[in-house]
Protein chains: 8
Amino acid sequence: ARTGVPEVIYCEGKSIPQIQGIINRMSEHHSNILATRATWEVFEAIEKIGLECQYHEQARIMVANPRPVEQVGNIAVVSAGTSDIPVAEEAAVTAETLGNHVNRIYDVGVAGIHRLLNVCDDLFEANVSVVVAGMEGALASVVGGLVSCPVIGVPTSVGYGASFGGVAALLSMLNSCASGVSVVNIDNGFGAGYQASLINKIAVNKAPPE
Amino acid sequence: ARTGVPEVIYCEGKSIPQIQGIINRMSEHHSNILATRATWEVFEAIEKIGLECQYHEQARIMVANPRPVEQVGNIAVVSAGTSDIPVAEEAAVTAETLGNHVNRIYDVGVAGIHRLLNVCDDLFEANVSVVVAGMEGALASVVGGLVSCPVIGVPTSVGYGASFGGVAALLSMLNSCASGVSVVNIDNGFGAGYQASLINKIAVNKAPPE
Amino acid sequence: ARTGVPEVIYCEGKSIPQIQGIINRMSEHHSNILATRATWEVFEAIEKIGLECQYHEQARIMVANPRPVEQVGNIAVVSAGTSDIPVAEEAAVTAETLGNHVNRIYDVGVAGIHRLLNVCDDLFEANVSVVVAGMEGALASVVGGLVSCPVIGVPTSVGYGASFGGVAALLSMLNSCASGVSVVNIDNGFGAGYQASLINKIAVNKAPPE
Amino acid sequence: ARTGVPEVIYCEGKSIPQIQGIINRMSEHHSNILATRATWEVFEAIEKIGLECQYHEQARIMVANPRPVEQVGNIAVVSAGTSDIPVAEEAAVTAETLGNHVNRIYDVGVAGIHRLLNVCDDLFEANVSVVVAGMEGALASVVGGLVSCPVIGVPTSVGYGASFGGVAALLSMLNSCASGVSVVNIDNGFGAGYQASLINKIAVNKAPPE
Amino acid sequence: ARTGVPEVIYCEGKSIPQIQGIINRMSEHHSNILATRATWEVFEAIEKIGLECQYHEQARIMVANPRPVEQVGNIAVVSAGTSDIPVAEEAAVTAETLGNHVNRIYDVGVAGIHRLLNVCDDLFEANVSVVVAGMEGALASVVGGLVSCPVIGVPTSVGYGASFGGVAALLSMLNSCASGVSVVNIDNGFGAGYQASLINKIAVNKAPPE
Amino acid sequence: ARTGVPEVIYCEGKSIPQIQGIINRMSEHHSNILATRATWEVFEAIEKIGLECQYHEQARIMVANPRPVEQVGNIAVVSAGTSDIPVAEEAAVTAETLGNHVNRIYDVGVAGIHRLLNVCDDLFEANVSVVVAGMEGALASVVGGLVSCPVIGVPTSVGYGASFGGVAALLSMLNSCASGVSVVNIDNGFGAGYQASLINKIAVNKAPPE
Amino acid sequence: ARTGVPEVIYCEGKSIPQIQGIINRMSEHHSNILATRATWEVFEAIEKIGLECQYHEQARIMVANPRPVEQVGNIAVVSAGTSDIPVAEEAAVTAETLGNHVNRIYDVGVAGIHRLLNVCDDLFEANVSVVVAGMEGALASVVGGLVSCPVIGVPTSVGYGASFGGVAALLSMLNSCASGVSVVNIDNGFGAGYQASLINKIAVNKAPPE
Amino acid sequence: ARTGVPEVIYCEGKSIPQIQGIINRMSEHHSNILATRATWEVFEAIEKIGLECQYHEQARIMVANPRPVEQVGNIAVVSAGTSDIPVAEEAAVTAETLGNHVNRIYDVGVAGIHRLLNVCDDLFEANVSVVVAGMEGALASVVGGLVSCPVIGVPTSVGYGASFGGVAALLSMLNSCASGVSVVNIDNGFGAGYQASLINKIAVNKAPPE
Ligand SMILES: Nc1ncnc2c1ncn2[C@@H]1O[C@H](COP(=O)(O)O)[C@@H](O)[C@H]1O
Ligand SMILES: Nc1ncnc2c1ncn2[C@@H]1O[C@H](COP(=O)(O)O)[C@@H](O)[C@H]1O
Ligand SMILES: Nc1ncnc2c1ncn2[C@@H]1O[C@H](COP(=O)(O)O)[C@@H](O)[C@H]1O
Ligand SMILES: Nc1ncnc2c1ncn2[C@@H]1O[C@H](COP(=O)(O)O)[C@@H](O)[C@H]1O
Ligand SMILES: [Mg+2]
Ligand SMILES: [Mg+2]
Ligand SMILES: [Mg+2]
Ligand SMILES: [Mg+2]
Ligand SMILES: [Mg+2]
Ligand SMILES: [Mg+2]
Ligand SMILES: [Mg+2]
Ligand SMILES: [Mg+2]
């Protein structure tokens, strides 16, 4: 990525010293460094080396060297159940840090379709929707049928038994009978938030972030 | 099964002479014999041996030795797309032959949720619903969330690529976030129609069919 | 769900404060709140906030704000092995809390078919049977062949190696050669108990619970 | 294999000239050559080169250079449904050609458990049982629980949808809760008949066939 | 979809009369009706009922009631091998029919990376890229790393053995180490072309098509 | 099982009190009770309630109420690598407790085929062979090709990556090109030892154990 | 590929005119063009446009514009069963066309280990071995254990049932307990022959072919 | 393996005393014994019994009884991301201990293709390349397209969700569109390093190591 745009580090499977080293190097020339899948321990380790940073606990995202960014346009982040919120937050915080306005529409699972229908106006205002759902992942199809903007589905690993760690939701979204739906990896809130940002920035007539 | 109730034969993988033999034997003591996955060729072969029979082409069901049955109660058979109709018809004709009133509610896929909401009253009147859907199979969850009667999901093999011959719809239905949904095998319209009949007959205070 | 009917919360993956908050809110207008997959820790946390509750240890179900309910009709909960009992109990306690009479028929695996045949009379009296089995899951087919009421199969994750966490039992039940069998997700005792309740309530001429 | 014992050729995927060549060579020193998965076309091609042979149509087995063999001991070949008969016959004819007495016990699927119980005495007389079943494959467990001789399960590819070409039956048999059950490949009637022969020959105090 | 926007029909699994009926009905109020997975036979059947239509053979798309549309913006459709072209064409023709300018960049597989690098300027000019690849599907990651616009990956079923009908390419794209990549179903050129159109239309400051 | 023959309890997933209760009851009428997958903790708990027992650590088998049994016949237990020994021991100790003479032939993996060929004489003396192997499980085929007695393959979960917890070895054994090989579940040393005992007892002209 | 080295075209999924066009273009500057998965129809079509070519029927390879090449070094191509020969020939003919001496060692499956041991001297003389096997694919491990040169395993789709189109052999080879074994895609004789050529050419101190 | 060449022990799943015993025995006649998947605990246990040894922490390899070896030829070990380094180091240290010169080319993932193109000269100098990559594993194809030496792909288990523990990378590499690529098991750095050594030793005209 070029100067002035956020750098990203994926923390899972990296040691604290590795993370400290990478962020330290990045912070010389960059601000708003996104550290995804970051634990409290990571947060404290970065503070210890004297870098300013914010921790978004639910999203498991740490932003190092934060600077204020204008949040423009409109990305809807829609989620089905309480347990899907961490992934939804990963998408939302990623998008916000990249300078997008995010509208969180949570707890609108398809088993209670009226809750979803009640927020249709919010859905219609978005330039792009991120739909986060585990179990049967049906929400992506229903939202895709309601809206005419692009929909990015994020299957989550929420569920048990034949959910197979998110495979049921992944397959469901890939086979969506609604047009305009594409999909990212299971639990990949970051990837969805990032692509949503690319699309939303197009809509607000700004250069894409990367 | 005991005297007076329909006998069933699954034709796939049986030769014409085998099917003729089996149905001939059955027809000595039984009427309304259900032959599922029956082709026109099967139908003609049964007529040739002098047995009366009716052929339901879309359902691929032949009823040998048919006799009129009163159709009681109310079973909703709901389906998503045009290509799911053969499986839906297998469920519907099975249930009708077993003496149930069936309400067909077709082409109400979740990508156009309003068509489904428009038929809610029909759904509410059923004692039990059979929901037939391929691709992402989300319809079972949405119907399950709307109604308070038991829902029997039938995933179909309609789709391509990552639908894996109905696996996507099957997993989707097994992981339904709506309570009150159980599932039968991929494309098993007969099994759903049969179980729906057992439940509907309970509701109309008759002895169950078998 | 509407006023007067039980509310349900699935505890797995929720924090203690989240569960406390949800149940506290629910308990303002509801009684007999079902908390499934609840640990002792959850039970103690709910007692600590001053709510009355009962803990069914084997079923891993906590009932908050319990009130006596008449238990009507007859649901058979049949299970194969000792290790399947927690899932069977989840089904049984769910159904009892929802106001159904439950007949527990445990330890009647197919490898000792005579124990099962000895309890046939009990099986014949039920309006609906829940069959809980892991490993090869054959019990659902055998029970389905014996009874003429609807059978709801619950595959369990009991087993090792090629049981693949319940997949062997799940596939076995989906392919049951007995008519009248439908299936819920692996280990989903709650879902089976809930659907059995819907069917049993039909039989006792009461409005379905939801 | 050494002189005096049957030779075997698996015909699937071999051309007629290849099969003619192989059997011609074999027939110089061997009799009772087993050609499995043989079509009528194969049979006619072998007759054309002047070799005596018998064709077992259902078993899809051709025996070239046949000579009478005493059929000793007792192998039960048990099968569930009509569609499983070709595989059962492959096992039975293999065993008979190898000099074993075979007792065919067909059409005793678990959905009608009483038919199976009625033939218990036949089952008890066998030195070894071959159990052939598709769909959910539960028959192997039930037979395994009834008898105290070794049971060899043969899952078949009979079924559709989530039977996955015999995988459901295979997994079911591998996870059998009955002791004394081992399993061969899907549709491998030959392999089961061959191993059953080895075991039965032990029982009749003869040298094993190979 | 509302008046003035294209209607779509998926032909696979529908009979000629069904397709004729559906398109006939649609053509009363709509133009540029997209019939995907259409054969020559379908084309001729539609001409026979007196409707004007165009057939795009490689794309297997028929456009009924065609009218000229301005093709605006810039969508890159990138593909790896010769065998991937039908899916790429499905995406390209879909997008063109929906009023987008499409730049076809074919035969730039990753095994010859320099061919891809030579067309970088073309890639940089697109508002959105559709990347079509079978076998190992690596092209989506390489393109995703080069461009800063959104990338929609379309895995194809091209390959054999462990490509498992497109699963290898699908998994590859879902796990892309490049940010900004989302994925549609195997061989779903239509879905990618449709979503690319939604994004491209945002870029050209027009109302999205649906 | 009837009086005089060993009873078996599978300890995995049972609590110490459950195991104590079950073994206590069994020990009233039975000796040589086999407790498989038993930990040291289980052993100590059984000693604590005053029952005599032996613990076979590698086999993870505890024998409660042990009595001397004559060990007759000859069962070869063959294994590939060091890590497969626990499963091989489960088979061997099971067979010994059931009254069979066992010949352990360990560490003869196919990558060093000469070690295996050196023990051919031992292999030839057995009435039945149990072959235990993980990773690619090729040993079952090689042994099956060498011997003319029945071979029972036990795939183990030893391996990593594409061994998929024993699936690679399981599939390998199911597809064995050697005749006379059947297979039990992954890691199921008990099942193999049990069936080997049934076969070996036939050979020594004794009644089978169950 | 650069001037002087063979060009390759994979024919599966290409039309006759497409293949004619590609080979025509290639033949302007290249000789010994390899067309893999070529049918007789392809061969005749190339002859028709006036190009010299040879057809290797078993290998399904056509060599267009053939010129004599010196065949140097020593590559062993080892195969298990008769049905594996087409894939073995694809490897052998590929390697020969690329200028390597090939030693074909066929029909040495592991079920008859002595046939393999009898050809050990041939195996020891090769610079690299290609091992082709279907079903359980054990041959790669046994050969890998015997030789000290690199071994390239080619799983084939030969088999049925749980061979899953070559998956059993593929997994077996990937988990080989012998060191020095790597694997190519199922049925990919070309890929193995090509890599074997690269290695053999190193051994004969020539520049690698590409 | 014969005298003078390294012995190898795979530590995972072996107890400390087992490892001590095996290495102690080996060290009587061998030097440079490779212990893979060795923990610090293993290292300390070997030092405690008085054997000299070196521990390569990232590679998780311990070399017991080390002696200096000349490192000849040129093996490139290429890896995609930081998390793939342990597997890459396993390959590199294995190859170095076996007497090969290794050129480590790390952190050249395909999402930043220019980093890879910048090191092309290094790639061209190698006799053989080991390519280590997780997630989508595309690096093997890109490197395979660039170089004309043999490429050994090592898929790693790095990733989450639909990476399925390395399956996505494995399938990607098996389906590589580049010629000259073969593959070893997921995370099998040792196997790749070993085979690379065999090939590199050919190139330097030395006897292969085993
Ligand atoms: N949560 C996440 N899931 C998937 N990819 C991520 C995630 N967070 C960061 N990434 C990607 O990982 C890259 C950084 O990986 P690394 O260099 O290993 O830290 C970034 O460029 C992102 O594309
Ligand atoms: N054990 C269980 N398994 C599956 N679904 C459950 C279970 N317990 C509760 N549910 C469902 O989960 C819903 C509550 O989910 P939640 O709002 O996440 O607590 C209920 O409406 C039930 O339908
Ligand atoms: N139906 C069958 N299924 C599995 N294996 C078989 C079958 N028939 C024969 N075989 C085996 O295949 C071998 C002969 O294979 P082939 O030499 O390819 O004809 C015999 O030795 C048998 O072990
Ligand atoms: N039988 C085969 N299996 C796998 N790959 C092949 C085969 N034959 C040729 N190839 C590869 O396919 C490429 C040609 O593909 P194409 O340009 O589609 O004809 C060659 O460069 C080879 O790398
Ligand atoms: Mg839409
Ligand atoms: Mg409901
Ligand atoms: Mg029944
Ligand atoms: Mg038994
Ligand atoms: Mg990018
Ligand atoms: Mg043998
Ligand atoms: Mg070797
Ligand atoms: Mg190359």
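Good morning, everyone. First, the ground rules. Residues are numbered from 1 along each chain as its sequence is written, chains are lettered from A and ligands numbered from 1 in the order in which they are written. Because this is a predicted model, local features need pLDDT of at least 70, side-chain atom pairs count only at pLDDT 80 or more, and totals for chains, interfaces and linings use all residues, while side-chain values use heavy atoms, with hydrogens and water left out.

Let's start with ligand 1. Which residues are around ligand 1? From chain A we have Val8(A), Ile9(A), Tyr10(A), Lys14(A), Thr36(A), Arg37(A), Glu90(A), Asn188(A) and Phe190(A). Then come Cys177(E), Ser179(E) and Tyr160(H). To be listed, a residue needs a heavy atom within 4 Å of the ligand. Chains A, E and H all contribute residues, so this site is shared between chains.

Strand β1 of chain A, residues 8-10, gives the most to this shell: three residues. Strands here are DSSP runs of E, at least two residues long; helices are runs of H or I, at least four long; both are numbered from the N terminus. By class, the shell has six nonpolar, three polar and three charged residues. Here is how the classes work: Ala, Val, Leu, Ile, Met, Phe, Trp, Tyr, Cys and Pro are nonpolar, Asp, Glu, Lys and Arg are charged, and the others, Gly among them, are polar.

Now the atoms. A polar backbone atom of Tyr10(A) is 2.8 Å from an oxygen atom of ligand 1. A nitrogen atom of the ligand has a polar side-chain atom of Tyr160(H) at 2.5 Å. For Asn188(A), a polar side-chain atom lies 3.2 Å from a ligand nitrogen. How much of ligand 1 does the protein bury? On its own the ligand exposes 500 Å², and the protein buries 73% of that. Accessible areas come from the Shrake-Rupley method with a 1.4 Å probe; for residues, only the protein chains shown count as cover.

On to ligand 2. This one lies between chains A, B and C. Chain A supplies Tyr160(A), and chain B supplies Cys177(B) and Ser179(B). The residues from chain C include Lys14(C), Arg37(C), Glu90(C) and Phe190(C). Strand β1 of chain C, residues 8-10, has the largest share of the shell, with three residues. The classes are six nonpolar, three polar and three charged.

Tyr160(A) has a side-chain N or O atom 2.4 Å from a nitrogen atom of ligand 2. A polar side-chain atom of Thr36(C) sits 2.6 Å from a ligand nitrogen. For Asn188(C), that kind of distance is 3.2 Å, again to a nitrogen atom of ligand 2. Alone, ligand 2 exposes 500 Å², of which the protein buries 74%.

Ligand 3 next. Why is this site called shared? Residues from chains D, F and G surround ligand 3, so the site is shared between chains. Among them are Lys14(D), Glu90(D), Ser179(F) and Tyr160(G). Strand β1 of chain D, residues 8-10, brings three residues, the largest share. The shell divides into five nonpolar, three polar and three charged residues.

A side-chain N or O atom of Ser179(F) is 2.4 Å from an oxygen atom of ligand 3. Tyr10(D) has a polar backbone atom 2.7 Å from a ligand oxygen. Thr36(D) places a polar side-chain atom 2.6 Å from a ligand nitrogen.

Last stop: chains C and B. In this pair, 28 residues of chain C are in contact with 27 of chain B. Contact means heavy atoms within 4.5 Å. The size of an interface is often given as the accessible area lost when the parts come together. Here the two chains bury about 2,300 Å² between them, 57% of it on carbon and sulfur atoms. That buried area uses a 1.4 Å probe and is summed over both parts. Ser148(C), Leu174(C) and Ile202(C) supply 25% of what chain C buries against chain B, more than any other three residues.

On chain C's side, α8(C) gives the most, with seven residues. That side divides into 17 nonpolar, nine polar and two charged residues.

How values were computed:
A polar contact is a pair of N or O atoms within 3.5 Å; within protein, one must be able to donate a hydrogen and the other to accept it, and residues adjacent in sequence count only if both atoms are side-chain atoms.
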